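User: I'm new to this one and would like a quick tour. Could you walk me through it?

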Amino acid sequence: MHNLFFKRGCTQRLNANVCRVLSLGSSALSFSTRGFVNAFLCVFLILLLFPLPSFAAQTQPERTPLTLELLQERLRTPTLREGNFTVDLQKMVIDLRPENASFRDAFYQMLRKELGTKPLGLDLSYALILGDFVGSDLGLRTSLYAQAIAPIFTATEKEELERLRFICLESLANSKDCRSLLGREPTPSSEIAVFRGVLKLVQTRFNGEMKFSNTFFLQSVDAQGATFLQSTNWAETRFGRPVSFSGTKFKQPSNFQGSIFFEKANFKQTQFQEFADFQGSIFEKIANFNQATFKQLAKFSSVQWQENADFSDVHFANQAQFTKANFNQFLLLADATFEQAVIFREVEFNQSVNLQGASILNQADFSDARFSTEACLSVPGLTFNSNQAKILGNPGQIGKMFCIPTLQGNQNILRNLGQNFRQQQQVADANELEYTKQQLRLIEMSRRLTATNINSASVASLIKLGFSPTQAAAIAQRRLVKSFRNSSELLTLADIDLEKYTQLSSRLIVGELLSIGGWLLQAWSWLGLSVLLLLSGYGTNFWLVFGVGGVAIAYFGLLFWLVDRYRRLHPVPIIPTSYETIAILVSFSVLEFLSLLAIFRNAQQPWLTLGCLFIILVPVPLVLLLRLYQQGRYHDLMNVSYFTEDGTFRQLRLLIGRLPVIPRNQTFRERYMPLLSDRRWNWLNYYDFSLNNLVKLGFNDIRLRDEHLPGIISALAWYEWSLGVIYITLVLWTLSRTIPGLNLLIYLK
């Protein structure tokens with residue numbers, strides 16, 4: 001029992017291993033001496049371990065309290081570092097609290113006098129600042145107007161000061177000091193505190209507020225690993241050289257509103273634990289916020305990013321606002337996490353936005369954002385659940401801004417994005433994403449048909465493709481051991497480098513070898529998908545389908561007019577009048593122009609669309625027409641039109657079940673009367689017949705007669721009627737995909 005209590009006591013005070021040794025040793029002692037020995041050993045070990053906390057404290061930098069005498073000594077003997085003279089106040093405890101007002105006033109006065117008259121730097125690395133630190137009081141105040149700049153500045157420094165005015169003129173900045181600078185005469189508000197030397201705040205700890213507002217740093221600022229326990233104010237501050245806040249911790253609100261960063265700004269791994277305000281700032285060079293953390297609201301509204309803005313792997317725990325920002329170069333948001341809403345309203349993007357691997361958990365708002373022709377939203381690998389989050393944007397525009405390189409690995413993203421816009425009744429944007437998906441699918445199908453399969457290609461084929469004999473042999477040897485599962489496994493071979501892989505990867509596939517039948521089925525699917533994409537945007541563009549139909553209706557209307565009205569020249573001419581010829585040609589030109597205009601305005605590849613139409617519409621009718629005029633026409637009823645109309649009705653009709661030729665029945669022959677060739681409006685009937693065949697809709701029920709009808713003319717009508725069945729299906733499918741609520745064929749794919 002005693003041993004048990006002893007072990008429990010040691011466990012509470014000492015290391016478990018030490019207690020185990022003591023307990024084993026104590027078991028060998030007698031009960032009378034065991035208590036004394038145990039007590040002695042415990043006291044000894046406690047005394048031995050007692051200095052450990054002080055030893056741990058020695059690992060922290062030892063700081064020396066700063067006195068006025070020590071400050072005077074450091075000011076008299078500045079340290080030369082990296083070519084700059086610097087006042088070395090490293091590892092100091094600087095007490096600037098109100099109860100130490102005399103030291104505080106003397107501290108600012110002495111530093112301001114030396115730093116203002118000489119381009120000295122200030123090194124506060126590893127220092128502890130107690131109380132508020134008003135850094136702007138250390139600078140030399142001067143106007144930024146050329147005629148009012150203090151003569152103490154060197155020529156180079158004057159150029160730097162004048163540079164700010166030009167930045168304001170170019171950017172039309174809204175900050176307070178920029179507005180004052182745009183005036184004609186210098187005013188007190190146009191003055192700024194100039195810090196002439198380097199400022200080092202590496203691992204510095206500020207217990208009070210930091211105030212560096214309206215300050216111009218002519219040299220670099222290095223605040224790596226600094227800790228700001230209270231709010232910091234860098235508003236209207238100008239950084240003329242690179243600035244680094246890498247690894248810095250802002251425990252309270254940080255204000256960089258209206259600041260200008262002339263050189264690279266490094267905020268890598270910075271922690272903003274409270275409100276971060278960068279409104280109206282200007283980043284002339286690269287801004288690096290990689291791996292930063294924003295735990296509260298982050299405001300980047302109206303910020304101008306002249307070069308790349310890197311927010312890769314940044315974590316936004318609260319709302320992020322980029323309203324009215326201007327990104328002249330790339331915005332990098334790869335692997336960034338947005339737990340709350342991120343707002344890009346009225347933002348101007350001149351280059352791509354990289355959202356690869358990013359996570360949108362709440363809402364991303366791109367309303368009224370402007371994208372240049374080179375800009376897009378790159379979203380491969382995006383984590384986005386449309387049931388929990390939303391992506392907002394201008395209807396009919398935002399869907400076109402997404403760019404995805406491959407279908408593999410991104411089908412879920414496309415599906416979620418499409419569902420997101422359908423839930424918001426933005427059908428055009430959802431259809432645009434569907435079109436993108438099918439385009440990528442077509443590319444994959446094309447590769448399967450034409451690319452080289454590295455699992456089955458011969459060594460000679462691999463060499464012909466571009467591999468060296470050694471590389472081809474290495475691939476063949478690897479296949480004997482294990483088949484390739486994806487093309488990237490080629491990089492595991494020692495003989496194949498990244499350059500060769502990048503060069504040939506687009507012409508390689510991995511998979512089972514297709515049989516002849518499988519290849520033909522794949523080719524047929526590829527052909528059907530190509531036609532759907534070219535003629536209707538895969539059912540996503542009604543005006544494109546309308547343009548395609550207009551071209552076909554006008555084309556067949558002209559053909560039917562030609563075969564019916566222009567029959568022969570000898571022995572008795574049967575030809576149309578000049579008025580009718582002019583009327584049909586003018587109307588054909590107008591219809592074709594409007595239809596082609598719809599195609600060129602809506603098709604992604606208008607010339608390929610026209611090529612597809614040409615293949616469908618021209619060859620077969622042209623062969624039939626040439627054969628018709630080659631053999632001539634010798635039959636009864638030569639002077640009577642081949643076309644008849646139902647004389648019992650004259651109304652707009654939906655003729656879904658109508659066939660192009662009337663039945664062989666006397667009753668029908670009495671109802672259907674031949675078209676009259678002596679009427680000036682007769683040429684409209686041929687367009688009506690073409691409309692009946694293609695769209696199954698017409699003003700009159702016009703058909704071919706059943707007596708003395710050349711088979712070629714009947715074949716021409718049946719050919720258009722067959723195309724019409726396909727076309728009306730395409731129209732209904734497109735309407736179901738483009739009109740909200742009309743989803744009769746929405747799942748027909």
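**A strand and its partners, then the cores**

Analyst: Ala193 stands opposite Thr215 in S13. This is a predicted model, where local features need pLDDT of at least 70, side-chain atom pairs count only at pLDDT 80 or more, and totals for chains, interfaces and linings use all residues. Residues are numbered from 1 along each chain as its sequence is written, and side-chain values use heavy atoms, with hydrogens and water left out.

User: In which sense do S9 and strand S13 pair?

Analyst: Strands are DSSP runs (E, at least two residues), numbered from the N terminus, and two of them pair if DSSP finds at least two bridges between them. S9 and S13 (residues 215-217) have 3 bridges, and their sense is parallel.

User: Which residue of S9 does Ser143 stand opposite?

Analyst: Strand S8 (residues 140-143) pairs with S9 in the antiparallel sense, over 4 bridges. In S9, the residue facing Ser143 is Glu191.

User: Why is strand S9 largely enclosed by the rest of the structure?

Analyst: Buried means under 20% relative accessible area (1.4 Å probe, protein chains only). S9 covers residues 191-195, and it is largely enclosed because the buried ones number 4 of the 5.

User: Which residues touch the most other members of the largest nonpolar core?

Analyst: A nonpolar core is a set of buried Ala, Val, Leu, Ile, Met, Phe, Trp, Tyr and Cys residues joined through side-chain atoms within 4.5 Å. The largest one has 97 residues, and those touching the most other members are Phe289, Trp305 and Phe322.

Methods. Buried < 20%, exposed > 50% of the residue type's maximum accessible area, 1.4 Å probe, protein only.
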